[in-house]
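Please consider the following note on helix packing and aromatic contacts.

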Amino acid sequence: MTALPTVDLTVYPFECDAFGHLNEASFLALFERARWDALAKGPGMDLFKRNQVWPAVRKATVEYRAGAFPGDVLSIETVLTDRGTTSFTMQHVAKRMQDGALIAEATLVFVCIDRAGRPTPIPDEVARALGGPRGTSRDPLRITAAGAELAVEVRGEGAPILFIHGFPFDRTMWRHQLAGLSRWKRIALDLRGAGGSSAPADGYSVARYADDIVQVLDTLGVERAVVCGLSLGGYILFELLRRHAGRVRAAVFCNTKATADTAEARRGRDEMAALAEREGSAAIAERLMPQLLAPATVAAQPDVVKHVREMINRTPVVGLVGALRALRDRPDSTPLLGSIGVPTLVIAGEDDQITPADGMRAMSQAIPSAQFAVIPAAGHLSPLEQPLATSRTVADFLEGLR
């Protein structure tokens with residue numbers, strides 16, 4: 001969690017446009033004022049100067065949620081969502097204190113530069129002041145399910161949405177959605193054999209994963225949740241709809257498909273499992289990385305590339321092998337599509353090599369009244385590669401459920 005405190009700022013008339021409300025440029029200025037006020041209340045406004053670096057904005061995006069007018073007092077929370085070697089990403093969330101309304105959200109990517117304008121590693125003092133990304137720093141709950149101890153992260157209040165990661169990743173792939181979907185109670189777990197969860201020697205299947213999720217919901221006292229699953233997470237979501245349909249309020253399928261593995265694909269799973277047992281997680285990373293990310297991600301987002309590789313490298317071999325066998329043996333969910341009776345959103349990556357967008361479009365057309373969206377410049381990990389577009393798509397879908 002970021003070490004920067006929440007600050008309260010008043011909206012002044014001179015900050016508003018001719019229509020009497022804050023526009024994008026004014027919001028960026030307001031959020032900049034919030035950052036400096038937070039520094040003043042925390043590590044000091046000269047934090048960067050005394051470390052001889054400067055935070056240059058590389059990218060900024062503002063999402064408007066409601067109008068803000070002169071005299072409104074906005075509570076602005078600053079959250080660090082990602083930190084690499086030279087760059088970091090911060091999200092601002094502005095809420096009106098009078099009624100708690102969400103006014104705007106902004107995501108800004110900064111790169112630390114030196115006096116000559118060259119990227120430079122984030123100094124240790126700055127890193128400590130910023131804190132760790134929320135998705136990786138907070139301690140998860142520990143929930144026991146059929147011989148496994150699952151790491152479960154819970155944030156916020158409201159109607160619940162549960163996120164299921166793909167193979168061979170962990171819950172940190174949802175870090176932007178966990179930070180950004182502030183109107184919902186966000187739940188994300190590490191599947192058995194992944195991330196911070198334990199890795200039993202056996203018992204891996206999509207049915208077992210689905211039962212684990214039901215145990216998590218029971219432990220948290222959640223009767224029904226929106227469930228969002230990516231890749232393997234989508235296969236588990238199909239299993240939930242097959243065996244525990246009453247627990248799913250709505251379904252979000254990301255970068256996944258309904259069909260079972262072909263005979264050739266099953267042989268490929270066995271070969272990859274043998275590779276994992278023979279050479280470890282790093283060999284799986286080398287095998288998978290060329291297929292996972294869009295060319296634009298590889299070219300322009302080295303922090304994402306690093307994060308994906310790290311997720312794979314820290315997955316224990318027993319978890320890799322168990323998940324591969326679960327993938328190999330999963331049932332064909334195509335017959336289920338026409339009977340899905342909950343609101344459904346299908347999200348594809350424009351450049352996804354593993355679950356191509358055309359196949360996902362066809363899948364969505366087989367689900368009654370399903371919505372379909374393609375995320376530009378995204379491969380197999382849309383929520384991580386293009387978090388703003390993916391989060392906005394999910395948020396719009398969730399708003400339709402209210």
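1. Which residue lies over the face of Tyr235? Arg330 does, at 4.0 Å from the ring centre; a charge sits over a ring if NZ of Lys or CZ of Arg is within 6 Å of the ring centre and within 35 degrees of the ring normal.

2. The model is predicted: local features need pLDDT of at least 70 and side-chain atom pairs pLDDT 80 or more, while totals for chains, interfaces and linings use all residues. Residues are numbered from 1 along each chain as its sequence is written, and side-chain values use heavy atoms, leaving out hydrogens and water.

3. Helix H6 (residues 206–220) packs with helix H7 (residues 232–243) at an angle of about 75°, the axes being 9 Å apart. H6 is therefore roughly perpendicular to H7 (65 to 115 degrees).

4. Eight aromatic pairs are present in the structure (ring centres within 6.5 Å). Tyr12 and Phe14 have ring centres 5.8 Å apart and planes at 5°, so they are stacked (planes under 30 degrees apart). Phe27, Phe31 and Tyr64 are linked into a cluster by ring pairs.

5. The stacked partners Tyr12 and Phe14 can also be described by accessibility. Tyr12, at 38% relative accessibility, counts as partly exposed (between 20% and 50%, with a 1.4 Å probe and protein chains only). Phe14, at 68%, counts as exposed (over 50%).

Notes
Axes are lines fitted to C-alpha atoms, for helices over the stretch in contact, and angles run from 0 to 180 degrees between N-to-C directions. Helices (H or I, at least four residues) and strands (E, at least two) are DSSP runs, numbered from the N terminus. Angles under 35 degrees count as roughly parallel, over 145 as roughly antiparallel, 65 to 115 as roughly perpendicular and the rest as oblique. Rings of Phe, Tyr and Trp (its six-membered ring) pair if their centres lie within 6.5 Å; planes under 30 degrees apart count as stacked, over 60 as edge-to-face and the rest as tilted.
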